[in-house]
Each structure stands twice: as C-alpha cells, then as structure tokens.
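Here's a quick briefing to read alongside the sequence and the 3D view.

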Amino acid sequence: MPYTIDEEKTFPQSPDAVFNAVKAASAGLEGKILLEDIEGKQVNIQFPKTIHGKVLGDRTVFNTHVLLADGTVNLVVEAFPVDAVGRKLMFGARKGVTRKVLDWFWAHIEHNLEDK
C-alpha cells in the first residue's frame with residue numbers, strides 16, 4: 001500500500017497569491033519550510049507529529065508546486081510520511097495521518113485565498 005498522496009487543485013487567484021497561501025498554510029499548521037523556490041513557485045514543507053496539540057503520530061512532508069498552464073493556476077501537492085531523519089516511510093506509517101494533514105492544508109489554503 002503506497003503512502004504517498006498526489007493531489008492537484010485549481011484556483012482562480014494568481015500564482016503569487018496561491019504561492020503565498022501555501023506559505024501561510026505552512027505556518028498555520030506549524031510546518032517547517034525545507035525548500036522555497038520563489039522563481040519556480042515550489043515549497044517543500046515538513047509538518048511535525050503534533051499539530052496544535054493534536055498528536056498525529058507521524059511527520060509528514062509536502063512537496064508543492066504552483067503551475068500556470070493555459071491561464072489556469074494549479075497547486076500540485078505530493079504528500080508522504082517521513083521518519084525522524086526525514087526519510088520517506090515505505091512501511092509502518094499510521095493510517096490516515098497524511099490524509100488528515102493534507103485535508104487541513106487544503107482548508108488553510110482556501111481560507112488564505114478567500115480575501116484575495
């Protein structure tokens with residue numbers, strides 16, 4: 001059973017607004033930015049095992065990329081659990097943790113884009 005979740009969503013806002021919403025969502029979920037490429041509109045984020053006091057049990061990494069194609073802005077997210085040193089987990093991850101963090105992430109993105 002693969003633990004990686006690949007999702008993509010389309011937004012009516014500008015690529016810069018979506019990129020800034022990704023960074024705001026990262027901060028809102030207590031994530032640590034591992035890589036930020038402003039030119040390429042990429043952000044890689046690691047989320048802790050505990051977010052806002054809720055113990056999830058696994059660390060999660062998101063590799064995000066904002067794409068502009070044919071006038072459409074897409075946010076592509078690759079999400080997966082990692083061990084204590086940041087290696088992708090191939091077995092032993094807790095069920096539903098990555099999905100829960102990704103759902104919270106999408107909600108934060110949408111909240112941050114509401115005013116834009």
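Let's begin with helix H2, which lies across E1, E3, E6 and E7 and runs at about 15 degrees to E1. Those labels come from DSSP runs numbered from the N terminus, with helices (H or I) needing at least four residues and strands (E) at least two. Angles like that one run from 0 to 180 degrees between N-to-C directions, using axes fitted as lines to C-alpha atoms, for helices over the stretch in contact. Bear in mind that this is a predicted model, where local features need pLDDT of at least 70 and side-chain atom pairs count only at pLDDT 80 or more, while totals for chains, interfaces and linings use all residues. Residues are numbered from 1 along each chain as its sequence is written, and side-chain values use heavy atoms, with hydrogens and water left out.

**The sheet and its helices**

- Five strands make an open sheet in the order E1-E7-E6-E3-E2, with antiparallel pairing; strands pair if DSSP finds at least two bridges between them.
- The edges belong to E1 and strand E2 (32–37), each with a single partner strand, so one side of each has no neighbour in the sheet.
- On average, neighbouring strands here are turned by 15 degrees against each other, direction ignored.
- Helix H1 (residues 15–28) also packs on the sheet, touching E1, E2, E3, E6 and strand E7 (72–82), and its direction makes about 15 degrees with that of E3; touching means heavy atoms within 4.5 Å.

**Strand E6 and its partners**

- E3 and strand E6 (residues 59–69) run antiparallel and are joined by six bridges.
- Asn44 stands opposite Asn63 in E6.
- Eleven bridges link E6 to E7, again antiparallel, and Val66 stands opposite Leu75 in E7.
- The hairpin of E6 and E7 has two residues between the strands, and Asp70 there takes a positive phi near 55 degrees.

**Aromatic rings**

- How many aromatic pairs are there? The count is five, taking rings of Phe, Tyr and Trp (its six-membered ring) as paired if their centres lie within 6.5 Å, with planes under 30 degrees apart stacked, over 60 edge-to-face and the rest tilted.
- Phe11 and Trp106 have ring centres 6.4 Å apart and planes at 35 degrees, so that pair is tilted.
- Phe11 is in strand E1 (residues 5–11) and Trp106 in helix H2 (residues 97–113), so the pair ties together parts 95 residues apart in sequence.
- Phe11 is buried at 9% relative accessibility, and Trp106 is buried at 3%; buried means under 20% relative accessible area, exposed over 50% and partly exposed in between (1.4 Å probe, protein chains only).
- Phe47 and Phe105 have ring centres 6.3 Å apart and planes at 65 degrees, so they sit edge-to-face.
- Phe47 is in strand E3 (residues 42–47) and Phe105 in H2, so this pair ties together parts 58 residues apart in sequence.
- Phe47 is buried at 0% relative accessibility, and Phe105 is buried at 0%.
- One aromatic cluster takes in Phe11, Phe47, Phe62, Phe105 and Trp106.

**Charges over rings**

- The charged end of Lys41 sits over the ring of Phe19, 5.4 Å from its centre; the rule asks for NZ of Lys or CZ of Arg within 6 Å of the ring centre and within 35 degrees of the ring normal.
- The charged end of Lys88 sits over the ring of Phe80, 4.8 Å from its centre.
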